[in-house]
Amino acid sequence: MFRWRSDERQTVNSMLQTQPSVTQIATLLIPVSGRQLVLPNVNIAEIIPYVAPTPVDDVPNWYLGSFVWRATRVPLVVFEAINDEPFTSPILNRRIAILNNVTGDPTLPFCGIITEGLPRLMRLLPEEIAEDTEVPAGPAEIARVLVNGERASIPDVAYIQNQVLKLI
């Protein structure tokens with residue numbers, strides 16, 4: 001079972017356990033530097049090829065600017081940097097995961113995160129995920145986990161989007 005930083009957050013395990021008819025959750029494992037991000041499919045609008053954002057001056061290093069997707073301006077975030085980690089991304093295979101809004105603020109319908117390749121679809125069962133106690137979660141993570149023994153993170157999408165909202 002995971003330990004949470006606040007009572008508001010739920011884990012993949014608790015979501016599965018509180019829904020008796022749910023035995024698995026459709027997730028995407030999104031590659032970032034050295035690990036995967038684990039997100040339910042409903043959090044992802046689309047995975048697109050990398051689009052160079054229009055840069056903005058005087059912003060944190062995690063905010064790269066924004067780009068236009070489907071006639072909407074989408075801010076682009078570097079997950080590792082917003083999570084207080086070093087960021088080095090290869091030029092090849094770079095993609096953008098377009099995240100749906102989870103804050104309810106209509107000024108930010110979508111937010112993009114740079115990935116290091118194509119995500120992998122996975123139906124996640126409760127026994128396939130466990131807390132990774134070796135590395136503490138960063139500010140943009142709900143938890144560090146092991147998915148079938150592979151290091152992963154459950155990103156705090158609300159935190160990321162709230163940080164973006166402070167800039168736009």
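In β11, Arg151 is the bridge partner of Leu146. Strand β10 (residues 141–147) pairs with β11 in the antiparallel sense, over 6 bridges. Strands here are DSSP runs of E with at least two residues, numbered from the N terminus. Two strands pair if DSSP finds at least two bridges between them.

This is a predicted model: local features need pLDDT of at least 70, side-chain atom pairs count only at pLDDT 80 or more, and totals for chains, interfaces and linings use all residues. Residues are numbered from 1 along each chain as its sequence is written, and side-chain values use heavy atoms, with hydrogens and water left out.

**Around β11**

- The hairpin of β10 and β11 has 2 residues between the strands.
- In this hairpin, Asn148 takes a positive phi near 50°.
- Strand β11 (residues 150–155) also runs parallel to β2 (residues 35–40), joined by 2 bridges.
- Leu37 stands opposite Ser153 in β11.

**The open sheet**

- An open sheet is formed by 5 strands, with mixed pairing.
- Their order is β3-β6-β7-β5-β4.
- Strands β3 (44–49) and β4 (63–69) are the edges, and each pairs on one side only.
- On average, neighbouring strands of this sheet are turned by 30° against each other, direction ignored. Axes are lines fitted to C-alpha atoms, and angles run from 0 to 180 degrees between N-to-C directions.

**Inside the sheet: β6 and β7**

- Strands β6 (residues 95–100) and β7 (residues 110–115) run antiparallel and are joined by 6 bridges.
- Ile98 stands opposite Gly112 in β7.

Methods: Helix = DSSP H or I, 4+ residues; strand = E, 2+ residues; numbered from the N terminus.
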